[in-house]
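Keep the model open as you read.

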Amino acid sequence: MLSGSALSEDDQVAVRIMKTEQEMCYACGQRIADRYLLHVNGRSWHSHCLRCSVCQAALDRQPSCFIKDDNVYCRTDYVRNFGAKCAKCSRTIHASDWVRRARDQVYHLACFACDSCKRQLSTGEEFALHDSRVLCKTHFYECMDGGNGSND
């Protein structure tokens, strides 16, 4: 009763109970009853369960994470394990690094040098990739001629 009078049909409010699916944490398999959950790659996680599979760093406050082969990675470990690597020194190539490309290989600028004389090659300079080795023009011809020094 409102103000001493009976409720009319116009005063009735429909209440629907919506059945919601229970969210289960992908990492621990437990039901998520937390106020917030994380949803990554179509899977739900407790905020404390979303961690890098390598360093175990919590990822709940990170702007992004990476998934490969069902494993979750922080940016640092993803780049370390799956990022582009220099064909000469095998270290990671970062977005800010100056690089040289030769066919499908990528090199740090300092690593793009003749394997024989160790001289860094310049932009526009002729070079060869021979047996996965970078060679300046002179040393490539020597290699082709059997090392007799001829540049013909």
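Contact here means heavy atoms within 4.5 Å. The model is a predicted one. Which residues does cysteine 136 touch, not counting residues up to four places away in sequence? They are Cys114, Cys117, Arg119, Leu121, Glu125 and Glu126. Cysteine 136 sits in strand 8, which spans residues 133–136. Its relative accessible area is 2%, so cysteine 136 is buried. Glutamate 125 is 11 residues away along the chain, and the two C-alpha atoms are separated by 8.1 Å.

Now turn to the sulfurs. How many disulfides does the structure hold? The count is zero. Cysteine 65 is in no disulfide, and its nearest cysteine sulfur, that of cysteine 52, is 9.4 Å away. Cysteine 65 is partly exposed, at a relative accessible area of 21%. Cysteine 114 is buried, at 0%. A disulfide needs the two sulfur atoms within 2.5 Å.

The largest nonpolar core has 13 residues. Those with the most contacts inside this core are Cys86, Ala102, Tyr107, Phe112, Leu121, Leu129 and Val134. Strand 6 (105–108) and strand 8 each supply at least two residues of the core. Strand 8 gives the most, with three residues. Follow leucine 121 for a moment. Its contacts, not counting residues up to four places away in sequence, include Phe112, Cys114, Val134 and Cys136. Apart from this core lies another, of eight residues, among them Val40, Trp45, Val72 and Cys74.

Strand 8 also has a partner. Strand 7 (residues 127–130) runs antiparallel to strand 8, and four bridges join the two. Within that pairing, histidine 130 has arginine 133 of strand 8 as its bridge partner. The two strands form a hairpin with two residues between them. In the turn, aspartate 131 has a positive phi of about 50°.

Move on to the loop between helix 1 (75–82) and strand 5 (99–102), where threonine 92 is found. Threonine 92 is buried, with a relative accessible area of 17%. Leaving aside neighbours within four places in sequence, threonine 92 is in contact with Val79, Arg80, Ala84, Lys85, Asp97 and His108.

Finally, look at the charges. The count comes to five salt bridges. One of them joins aspartate 70 to arginine 43, with the closest N and O atoms 2.9 Å apart. This pair links distant parts of the chain, 27 residues apart: aspartate 70 is in the loop between strand 3 (66–68) and strand 4 (71–73), and arginine 43 is in strand 2 (residues 43–45). Aspartate 70 is partly exposed, at 44% relative accessibility. Arginine 43 is also partly exposed, at 24%.

In helix 1, aspartate 77 and arginine 80 are three residues apart, so about one helical turn separates them. Their side chains meet in a salt bridge at 2.5 Å, N to O. Aspartate 77 counts as buried, at 3%, whereas arginine 80 counts as partly exposed, at 47%.

Aspartate 115 forms a salt bridge with lysine 88, the closest N and O atoms being 2.6 Å apart. Here too the pair links distant parts of the chain, with aspartate 115 in the loop between strand 6 and strand 7 and lysine 88 in the loop between helix 1 and strand 5. Lysine 88 is partly exposed, at 35%.

Definitions and conventions
Residues are numbered from 1 along each chain as its sequence is written. This is a predicted model: local features need pLDDT of at least 70, side-chain atom pairs count only at pLDDT 80 or more; totals for chains, interfaces and linings use all residues. Side-chain values use heavy atoms; hydrogens and water are left out. Buried means under 20% relative accessible area, exposed over 50%, partly exposed in between (1.4 Å probe, protein chains only). A nonpolar core is a set of buried Ala, Val, Leu, Ile, Met, Phe, Trp, Tyr and Cys residues joined through side-chain atoms within 4.5 Å. Two strands pair if DSSP finds at least two bridges between them. A salt bridge is a side-chain nitrogen of Lys or Arg within 4 Å of a carboxyl oxygen of Asp or Glu.
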